[in-house]
Amino acid sequence: MFLGRIPYRRRRLRDAARLLPLFGLFFLLLPLLWSPPGNEGRRFSGDLVYLFGLWVGMIVLAAAIAPGLSRRDGEPDEDED
Amino acid sequence: MPFNLLVLACITYVILLFLVAFLVESRARRGRLGWLRSPLVYTLSLSIYCTAWTFYGAVGYAARSGLEYLTIYFGPTLVFIGWWWVLRKLVRIGRQHRVTSIADLISARFGKSNLLGVIVTLMAVVATTPYIALQLQSVVLSFGVFAEHAPDGSAPLGADPTAIWVAAGLALFTILFGTRNLDAKEQHHGIVTAIAVEAVVKLFALIAVGIFVVWGLAGGVSGMMQRIDASAITGWAMNPGRWTGLILLAGVAVICLPRMFHVLVVENYDEGHLARASWAFPAYLMLMSLFIVPIAVMGMERLPAGSNPDMFVLTLPLTEGQGALAMLAFLGGFSSATSMVIVEAIALATMVSNHIVLPVWLRLRPAGAISEDVRAVVLNARRVSIGVVLAMGYGYYHVSGGSAALASIGLIAFAGVAQFLPAMIGGIFWRGATRVGAIAGLIVGFAVWAYALFLPSFGPDAVFPAGLLADGPAGIGWLRPQALFGSDGMDPLIHALFWSLFLNGTAFFLGSVVTFPGPVERLQGAAFVNVFEGPLRPRGLGGGHVEPEALLVMAQHILGDEAAQTLFEEAARAQGKRQSILPDPTPAFVSDLEQRLSGSVGAATAHAMIANVTGQGTVTVDDLMTVARESAQLMEYSAQLENQREELARTATALREANDKLTQLSVQKDAFLSQISHELRTPMTSIRAFSEILAEGDLPPAMVARSGRIIQDESRRLTRLLDDLLDLSVLESGKVQLTLGLANLREMIDRSIQAAEQVKPETRFVILRDLAAESLFLRTDADRLTQVFINLISNARKYCDAPQPEIRIAVKMKAGRVRIDIADNGSGIPKDAQGLIFEKFGRLPGEMRAKGAGLGLAICREIVANLGGTIAYLPGQGGAAFRIVLPLRLEAKAA
Amino acid sequence: MGQHVLLIEDEPNIAEAIGFILSRDGWQVTHLSTGTGAAATAQRITPDLIILDHMLPDLSGLEVLAALRGDPSTAATPVLMLTARGQSRDREAAARAGADSFMAKPFANAEILAEVRALAGRAPVARG
C-alpha cells in the first residue's frame, strides 16, 4: 500500500521511537566491554561523563520524536507489526 | 540549628501541602483545573519513583558501589523513552477500562477474576509494606541527624514517637484527600498537585546541595573531577550481572510498583501527557542523579570515617555550617518520603478495598440487595485500608527496629513487584494468556522471591535457620535459597530475580498453553490486546430484560445521584430519546455502565453487581455468540454492521417516540377542547344560576350578599382560567416579554414557599433546603421563575400523600448552568403518566385528579423553555421530583 | 310536596344553587359531593329523583349511574344527569347507561325546575 508522505513519515517516526530504547540499552551495556578500571585510559570521571552524556542524548532524541508521535491521526493507530 | 525550628519548619511545610491539596480540590470541584492537569504536573507526579531511599540512599549507594546507583534510573529511562512499546498501551487500556490499580488490570484482563485481584493485592501488600517502613525510617534517621547536631543536644522526640507521628499525619492527609471521591475518573487532583509540589522541593533541594558541593567546596567542575578520580569511589568495578540485571529490574519496577502504576495509569488525565513525560521524566531522573557522585565523594573526603553515607546529604551541609541548606535538604528528604507513602497508601488501599473488602461485603449481602449506599461502604473500606496499610508500615518499622535489613528492602521490593510483569505484559500482548497461567506464574514467582530473597534478607536465624541457608532444606544442596539448582556464587539479588522471573514466566506460559480460557476471559483478552483497534468494546453480560430504573437506583448508590443521572441522561439522548432520562438497557449501554462502575469498585465487583441486577449470573448464548464473532476478518465488518444497526435503532426509537406522541396529542386535542368547555361551563353555571336568583328579587339580604359573593368568586375563577390560557398561548408562541435582571435564587425560593402555603395551609410540610447552595444570583426573569417554583411547590403540597410530608429543594451549579431539583416524598407519579404531565390539562387519572385547571405544569414548561432552560420529571427519587436546569445568565434575545 | 331529591355534585356553588332552587319549590334535597357512597345513600334514603353530575372527583357519573341501576331499590329511580362538557357523545353515553334525562351546564333555573318536576311526576310515586 502506498501512503501519503506525512503518514509515511509518521510511521518511520514510530519505528524510531521503538528503536530508541534498544539503542539506549546497547550503549548502556557498552562500558561492560571496556577494559577493566585501573587500566591506562579508563578513568571513573570518564565513565561518569560518558553515562551522563548518553543519558542527555537519549532525552534529547526522545524529546525530538515525542511531539510527532502524540499527534492524533484518523488512521488506525497500530500498523503492521 | 535548633531542633524546634526544624519541627516548626516541618509542620509549616505539611500545612502548606494541606493547603495546596485543599485549594486544588476546591478548584477541581468548580471544574477550573486549567494548568493543574498539564503534562508538567503529570511528569512531576511520576517523581514519586524517587523516594527517600533514592534521595538519601543514592549517595550512600554511590559511596559503597560507585556508579551502580545509576541503574536504578536507567531502567525507567529506557522504559519511558520506549513508551511506544508498553506505556502507551497500558495507559490506553487503563483509561478505556477504567482500571483502578494494577490488581484491577490483571484481574480484569483475566476474565474479571477476583481471585487474581486478591493474589496481586496480597503480593503488593507484602512486597511494599517494608518499603513504607523504609520511608518512615528515613524520616526518623534525618530527625536523628539534626538532634545530634543540635547545639543544646535537645531531642524532644524519640525515634518511635517520631515514626508514629509521621505515619498518623500521612494517614490523615491520605484519607482526607485520597477518599474524597469514588470514580477513578474523577481522580485525586489535590494529592497529585501536592505530590508535584513535593517533586519540585526534592529536586530543588538535591540540586542546591550539589551546587554547594561542586562550586562551594570543590571549586568548580574540573576540581570536582580531580577529586572524584582521586577518591576511594574509583575502587568500584562494573559487575556485568548486577549492571544489566538492575537496569532490567528498575525498568520493570517502574511499571509494576503499585504507586507508579497509580500515577502513571490511574491518575493519567490525558494520553498526550505521556508523550511529554516520555522525555521529561527521564530528564527529571537525570537531574536527580547528577550531583550524587560529587556529594558522595565530598562526604567521604570531609566527614569523619564511619559516618553514615546514607545521610551525607544532610550531614555535609551541617558540618560545613550551612544550616539553611541542611534544612532544605531535610525538607527534600521529607518530601520524598511523604509523597511515596501517600500514593502507595492510596494505591494499596484501593486494591484492598476493591478486591478484598468489597467482594466479602457483597458475598455477605443477600442476593440482589444492593440497596444500601455502596459509596459509603467503599469509601469507608478505603479509609480503613489506608489506616491499616500505614499501621502495617509502622509496625514493620517498629519490629525490624531500623535494622540494616531495611536498607536493602528497596531493591527487594522491586524484585517482589517485578513478579507482576509476566501476567501484565503477557496479558496485554498475548491473546493466549489465561487466568490459570497468570495465577500459576504469580504464585510461583512470588514463592521463589520470598524463598530466595525476601525471607533470607532478614539474616541467618531470623526467619530461616542458618543451616537452611548454608545447606538447603533437609540438606538438599540444590534447594539452598541463595543458590537454587546449583547456581552458586551469583549475587543473591540477581540470583533471586533471575530464578523468580524465569520460573514465573515459565509457569505463566505453560499454564496458559495447557488451559482453555472462559468466554469472558477471551472477550477481555481480545479487548486488552487489541485496544488500539477501533471502538469494539467487550460486551458485558446483560441487556434485554433489565429494568433501567433498577440500574439507575444501583448506579446512584455507587456513583452518587448526580453522576449516575447524568450518565443515564446522556445515554438516553444518544439513543434518540428526548422525553425520558432512562435509556433502553441495550447490551452496549449495560456494558458502558459496567465500565463506569468498575472505575469505582473494580472490574470484578462491577461485573458481579451488574450480573446481580440483570439477574444473569452466568454467561448467555448471546455472549458466546459475541465470542465467536471476534475473529479478525469479521471484526471490521461487524463493527460497520453494528454502527448501522445502532443508527437504525436510534432512528426507530425517535420515530416510535414521535408517533406515540402524535397519537397521544390527537387524543389530547379532543380532550383539550372538551376540557376547556368543562372548565368554562362550570363557573358559568353558578354565575347564571345565582344571577337568575338575584333577578327574581324578594330575597333576604343575607342571601343577596351570598349570591353576589359567589358570582364574584366564580367570575374570578373564570378570569384566572382565561389568563392562564392566554399566558400559555403567549408563552407557546415565543412572543413573551421577559424582564431580565439579576435575582437571588434564595429569595425567589423563599417567596415561592411562602406563596405556596395557601395550599393545604393546615398541613405542616418539612422543607429541606441548602441555603448556601441557593445563595447565587441568576440573570433571568425573576417573576416568571418564581411562578414556576410556586407551581411546583404548590403541586407538591397538593399531591404529596406521605404521612410526614417533606419537600426537598436541591440546587447545584454545573458547567455554567444551575440545576434546581424540587422533590417530595409522596408516592410520585406513575410511570405511564410521566410523559403526559407537562401537557395541557394533562392531569392524572383517577384519584390524583384535582381541582386545578391542569395548566400549571404546561405553563411551567413553557416558562422554563422561554428562560432558556429545561424542566423534566426525575424518576427514581422516591417521590414526585422535578428538575429545572437554567442558564446562569440569560442573554436577551436579539430583537 | 315533600318529595326527596338526591343531588350528587362536586362543585359546591352549583350544588348550592340547585339546592336553593329546589328547596324553595318544596323539595327536600340531600347533597353529596363524591360518587363513592352515593349508591349506598340512595339505597338508604330512597329518593324520588337523583341529580347526578357527569364529572366527579373520584368516580365518573356514568360509574355511579351503573351502580344505581344495578341495585334493585334504585334501579327505577329517575336520574337527571348534568354535564359541563355538553358534547353529544356524552349525552348518548348517559342515555345508554340509563339516565332518564340529560342537561348541559349552564342551565336556566326554570329549566332544571321544570325537568325535575316532569321527571318526578312521571315516577311511580308510592308514598304520600
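**A guided tour**

Select Gly576(B) to begin: just after H27(B), this residue takes a positive phi of about 90°. The model is predicted, so to speak of local features a pLDDT of at least 70 is needed, side-chain atom pairs count only at pLDDT 80 or more, and totals for chains, interfaces and linings use all residues. Residues are numbered from 1 along each chain as its sequence is written, while chains are lettered from A and ligands numbered from 1 in the order in which they are written.

Next, select residues 561–574 of chain B, which form helix H27. Helices (H or I, at least four residues) and strands (E, at least two) are DSSP runs, numbered from the N terminus. H27(B) has 14 residues and reaches 20 Å from its first C-alpha to its last, close to the 20 Å expected at 1.5 Å a residue; the expected span is 1.5 Å times one less than the number of residues.

Within H27(B), colour Ala564(B), Gln565(B), Leu567(B), Phe568(B), Ala571(B) and Ala572(B), which are buried. A residue is buried if 20 or more other C-beta atoms lie within 10 Å of its own, exposed if 12 or fewer, and partly exposed in between, with C-beta atoms placed from the backbone. Why do they lie on the same side of H27(B)? They cover an arc of only 160° around the axis, where the arc is that of the directions from the helix axis to the C-beta atoms.

Move on to strand E3 of chain B, residues 777–780. Leu778(B) and Thr780(B) make up its covered face, whereas Phe777(B) and Arg779(B) make up the uncovered one. In a regular strand the side chains alternate between the two faces of the sheet. One bridge to show joins Leu742(B) to its partner Arg779(B) in E3(B).

Now display chain C. Its secondary structure comes to five helices and five strands, running β-α-β-α-β-α-β-α-β-α from the N terminus on. Of its 128 residues, 42% are buried.

Finally, show chains B and C together: 16 residues of chain C are in contact with 17 residues of chain B. Two residues are in contact if their C-beta atoms, placed from the backbone, lie within 7 Å. On the side of chain C that touches chain B, the largest share, four residues, comes from helix H1 (residues 12–24) of chain C.

Note on methods
Pairing = 2+ DSSP bridges.
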